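Please read it with the model open.

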Amino acid sequence: MAEIEGDETARPASPSLLPAAAPRVNGSGVVGSGSQTPTMVTSGPRVVRIVKSESGYGFNVRGQVSEGGQLRSINGELYAPLQHVSAVLPGGAADRAGIVKGDRILEVNREADGLDGGEESAVQPNYDYSDKQAVPISVPTYKHVEQHSEKFVVYNVYMSGRQLCSKRYREFAILHQNLKREFSNYNFPKLPGKWPFSLSEPQLDARRRGLEEYLERVCSVRVIGESDIMQEFLSESNENHNGITDVELRIALPDKTTASVRVRKNSTTDQVYQALVVKVGMDSIMASYFALFEVINHSFVRKLAPNEFPHKLYVQNYTSAVPGTCLTMRKWLFSTQEEELLQDNPLALHYCFHQAQDDVKKGFIKAEDKAYQLQKLAEQRKMTMYLSLLRSCEGYNEMTFPHCACDSRRKGHVITAISMKHFKLHACTEDGTLENQVIMFEWSEMQRWDTDEEGMAFCFEYVRGEKKPRWVKIFTPYFNYMHECFERIFCELKWKKEVEDEASDKDNKNCSNNDYLSPLEQQKGWRHLGDEIATS
Amino acid sequence: MHLDLKIPAQGFGMSFFSFGQSAEIDIVLNDAETRKKAEHKTEDGKKDKYFLFYDGETVSGKVNVTLKNPGKRLEHQGIKIEFIGQIELYYDRGNHHEFVSLVKDLARPGEMAQSQTFDFEFTHVEKPYESYTGQNVKLRYFLRATISRRLNDICKEMDIVVHTLSTYPELNSSIKMEVGIEDCLHIEFEYNKSKYHLKDVIVGKIYFLLVRIKIKHMEIDIIKRETTGTGPNVYHENDTIAKYEIMDGAPVRGESIPIRLFLAGYEMTPTMRDVNKKFSVRYYLNLVLIDEEERRYFKQQEITLWRKGDIVRKSMSHQAAIASQRFEGSASAEKALSQAKEDDN
C-alpha cells in the first residue's frame with residue numbers, strides 16, 4: 001500500500017450536494033471528503049464543479065496514479081486508494097468552489113480514478129482483462145475478389161465451423177485501431193503488418209494465419225470479445241460488399257446426409273432452395289414437393305418463409321437436434337395422393353422414405369399395430385410399399401405445432417395439428433400434457449384466416465351452420481408458418497379439384513393456357529377463398 | 001466458538017457447580033440469512049465456515065441470554081459485547097495485540113429475572129487486515145459477549161472471517177531478469193506480472209542463453225514465507241506451497257520454455273506486509289534447475305498476491321450517490337443517485 005502524504009482533515013461544513021452537471025464541462029468533478037478513521041464525523045461525497053480560471057484549477061493532488069492497492073472503507077463503502085487534495089490556492093477556482101486540503105477525490109468528470117496533478121484526463125473504466133474464455137473463431141480461407149474493378153483479398157472468418165463474415169485486411173486494421181482506442185490499457189497482440197505491394201500466395205496465407213491468431217487472442221478476453229466493436233465486426237457486413245460475399249451453408253437432407261451450397265450472404269429462402277435443388281439434382285416437379293425448414297428442436301421444424309434470410313438463421317441458431325446446421329430439407333406436402341410424385345422419381349422416393357422412417361422413430365407418425373409390418377418392409381427396402389402402408393397411419397403428412405394458448409380456452413393450451421383431413425386442436429395443459437378434448441375442423445368450414453403480427457397470433461374464421469361464423473385466435477409464435485400451412489392446404493385442394501375436373505372434362509372446356517402455378521408463388525399474401533373451397 | 005469461564009486471580013478453588021443462577025449466551029447476526037460464509041483453517045488444520053465481512057461493514061445482531069434455572073434471578077455486574085481484532089503470536093500466547101477493540105454496553109449492573117435479548121450494532125467497523133491462521137501467528141476477528149459477575153464471568157465468542165480486497169491494474173510491471181553462473185548457465189526468465197490475484201495465471205517463459213551443464217529438469221516452486229517477531233527475534237517460516245515442473249530433460253541454447261501456472265488450485269492468502277508491525281506473509285516464485293549430479297540452481301523472486309473482489313463494482317458516481325444518502329436532508333442526494341443510475345445504464 002503506498003503512503004499517502006498530507007493530512008486528512010475532515011470537512012467541517014454540513015454536506016451540500018450540488019446537482020451533478022449533465023454536460024461534461026471542463027473541470028467538473030466529484031469530490032468525496034473524510035478521513036479513514038471511523039470515529040471522526042465526516043461529510044458525505046459531494047459533487048463540485050470547478051471552472052478553470054486564469055490561474056488554472058488552483059489545487060494540487062497527491063497520491064497514487066493507477067497503481068491500485070488495498071480497498072479501504074470510507075463511511076462503510078470500499079474504495080480503491082484515492083488521491084487527495086494536497087494544496088489549495090487561496091482565492092483560486094478550487095478554493096471558490098469549496099475544495100479544502102485533505103479532500104479525497106472519488107471521480108473526475110464522472111469517470112473514476114487516476115488523476116495527474118490537478119489536470120483532468122479521460123480515464124479507462126476498469127476492465128477485467130483476466131476474464132478469459134476459449135472462443136472457436138478461425139480464419140481458414142481467403143478469397144480473391146473483384147469489385148467495382150478493384151481486385152483485393154477477403155479473409156473468411158468462421159465461428160464453430162460456420163462462416164460469419166468476410167473482411168479484407170483494411171477492415172482488420174480498422175478493427176484493431178478501434179479496439180486499441182476503446183481498451184487503451186490492454187496490451188494488444190500485433191496485427192500482421194501492412195504491405196504496400198501485392199502479396200504472393202504464401203504471404204497471403206501467412207497473413208491469414210496471423211489474422212486468425214490475432215482474432216483468437218483478442219476474442220478470448222471476454223470484455224473485448226463481447227464488445228460492440230467486435231460484435232459489429234463479426235456480424236455486420238461492410239457496405240462495400242453487402243451480401244455480395246459468398247457464404248457456404250450446410251443443409252441437412254432427409255437421409256441424414258448434408259449438402260453444402262454456396263450462395264450470396266443476403267440470399268432469400270427461394271434463392272437458397274434453388275441452389276440446393278441444383279446441387280442435389282432435383283427436377284422442378286420434385287422441387288415443388290420439398291422445401292427448406294429450420295430445425296427448432298428435436299420435436300419441431302418450421303418451414304422458412306420465402307422472404308427470410310437463411311444465412312441469418314444459420315449463424316445464429318445452434319441446435320443439437322441436427323449436427324452442424326439448423327437448416328434442413330423436408331417434404332412439403334399435405335396431400336396423401338402422392339403416388340404419382342414418387343412413381344418415376346427414385347430420389348423423391350428415397351427422401352420420402354427416409355423422412356417417413358425418421359418421423360416414425362420420433363413419434364410424429366403413429367405406427368401402432370402396423371409397426372412390425374413396417375419394420376419388415378423397411379429392412380427389405382421396399383420403400384413404395386412402406387410408404388403405402390404408412391399413409392394410412394395417424395400423423396402422416398401432418399404438421400404439429402408446439403403447444404400454445406388459444407382464445408377459445410380460458411385455461412390451458414392447445415396443440416395444433418394440420419393435415420389434409422382436418423385442422424385439429426388438441427387440448428392440453430399449460431406445460432403440454434395432453435388432455436382428452438379434441439376439436440376437428442373440416443377445411444370446408446374455414447372461411448377466412450389471417451395473421452396478427454402485433455398479438456403474435458394466427459386467426460381463422462369458421463362457419464357453424466346456421467349460427468354466425470366465429471373467429472378463433474391461436475397464440476403461437478409460429479403464426480406465419482401456420483398461415484403458410486393453411487395456404488398450402490387450400491392450394492393442394494385446388495390442385496386436386498383441378499385434376500378431378502380435368503379428368504371429367506371430356507370436351508376440354510376447363511383447359512386454360514396457364515400451367516399450374518408453382519406453389520412458392522402462390523403463398524405470397526393471403527386471400528379469402530370463400531366459396532372456392534373444394535369439398536373432398 | 002467456546003465458553004470461557006474466567007476465574008479471578010485469587011482463585012478460591014472454584015467449584016464448577018455453582019448454586020446460583022447460570023445463563024447461556026448466544027450471539028446471532030441480523031444478516032445471518034444473507035451473509036456469505038467463507039472457509040478458514042483453524043489452528044489444528046481443520047476447515048470451518050465463518051461469516052465473511054469486509055472493511056467498513058457494519059456488524060449488528062442480537063445477544064440472547066437464556067437463564068438456565070427458570071425462576072431464579074441472575075445477578076450481574078453488567079452485560080457487554082465487544083468486537084475485537086487481534087493478533088496472537090504462538091510463542092507469546094499471553095499477550096494478545098488488539099488492533100481493533102470496540103465495546104457496547106448492553107445492560108447496567110443489576111438482576112435478570114428472565115431470559116432476555118439485547119440488540120447491538122457496531123457501525124462501519126474498520127477491519128484493516130485479513131484474517132490469517134498461520135504456523136506461528138494468528139490474526140482473528142470475533143465478537144465477545146460477557147456477563148460480568150463477582151466471581152466468574154460468563155462469556156461467548158463468535159469468530160468471523162475478514163477478507164481484504166485490492167485492485168491493481170491488469171498491466172503491471174513484469175519481472176524480467178537475466179541470471180546465471182559464469183560460463184556454465186545463463187538464462188533469462190520472465191513472468192508476465194509482479195502482482196497476481198489469487199485466481200490468476202502466471203504466464204512467462206525461461207529462455208536459455210547459455211547451457212554448459214546437463215540439466216535434468218526445471219521446476220517452479222511457490223514458497224510462502226511467514227515472518228514473525230522483530231529485531232533480533234525475527235523468525236522466518238518457509239513453506240513450499242506448490243512444485244510445478246515446467247521442463248523435463250536437457251535444454252539447449254536458444255530454447256524457450258513456456259510457463260503457465262494456475263494459482264487458483266493452491267491455497268494461498270494475499271501478501272501481508274508488516275501487519276500491525278507484528279508479522280508478514282510473503283510469496284516467492286522459486287525457479288529451480290536440477291542437473292544430472294543433483295545440484296540445484298535456483299533464483300527466487302518475490303511476487304505480490306492480492307485478493308480480487310467479486311462484489312459488484314458499482315460505478316463510482318453511483319457509490320458516491322449512495323454514500324451521500326447517509327447524510328439526511330439532501331434532496332439533491334436523491335437527484336444525484338438517479339442521475340448516477342441513468343449514467344450507469
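How are helix 2 of chain A and helix 5 of chain A oriented to each other, roughly parallel or roughly antiparallel? They are roughly antiparallel to each other. Angles under 35 degrees count as roughly parallel, over 145 as roughly antiparallel, 65 to 115 as roughly perpendicular and the rest as oblique.

## Basis of the model

This is a predicted model: local features need pLDDT of at least 70, side-chain atom pairs count only at pLDDT 80 or more, and totals for chains, interfaces and linings use all residues. Residues are numbered from 1 along each chain as its sequence is written, chains are lettered from A and ligands numbered from 1 in the order written, and side-chain values use heavy atoms, without hydrogens and water.

## Chain A overall

Chain A has 14 helices and 25 strands. These are DSSP runs numbered from the N terminus (helices H or I, at least four residues; strands E, at least two). Of its 536 residues, 48% are buried. Buried means under 20% relative accessible area, exposed over 50%, and partly exposed in between (1.4 Å probe, protein chains only).

Contact means heavy atoms within 4.5 Å. Among contacts in chain A with a separation of 6 or more, 57% join residues 24 or more positions apart.

## Helix 2 with helix 5

Helix 2 (residues 169–182) of chain A and helix 5 (residues 228–235) of chain A have axes that come within 10 Å and cross at roughly 165 degrees. Axes are lines fitted to C-alpha atoms, for helices over the stretch in contact; angles run from 0 to 180 degrees between N-to-C directions. The crossing of these two helices of chain A is right-handed. A crossing is left-handed if the near helix is turned anticlockwise from the far one by less than a right angle, and right-handed if clockwise.

Helix 2 of chain A contributes Glu171(A), Phe172(A), Leu175(A), Asn178(A), Leu179(A) and Glu182(A); they meet Ile229(A), Met230(A) and Phe233(A) of helix 5 of chain A. By class, this contact has 6 nonpolar, 1 polar and 2 charged residues. Ala, Val, Leu, Ile, Met, Phe, Trp, Tyr, Cys and Pro count as nonpolar, Asp, Glu, Lys and Arg as charged, and the others, Gly among them, as polar.

## Aromatic pairs

Over all chains, the structure holds 39 aromatic pairs. Rings of Phe, Tyr and Trp (its six-membered ring) pair if their centres lie within 6.5 Å; planes under 30 degrees apart count as stacked, over 60 as edge-to-face and the rest as tilted. Phe172(A) and Phe233(A) have ring centres 5.1 Å apart and planes at 70 degrees, so this pair is edge-to-face. Phe172(A) lies in helix 2 of chain A and Phe233(A) in helix 5 of chain A, so the pair ties together parts 61 residues apart in sequence. Both Phe172(A) and Phe233(A) are buried.

## Helix 2 with helix 3

The axes of helix 2 of chain A and helix 3 (residues 201–220) of chain A come within 12 Å and cross at roughly 30 degrees. The two helices of chain A are therefore roughly parallel. Their crossing is left-handed.

## Leu209 in chain B

Leu209(B) lies in strand 18 (residues 201–211) of chain B. At 28% relative accessibility, Leu209(B) counts as partly exposed. Its C-alpha atom is 5.2 Å from that of His186(B), 23 residues apart along the chain.
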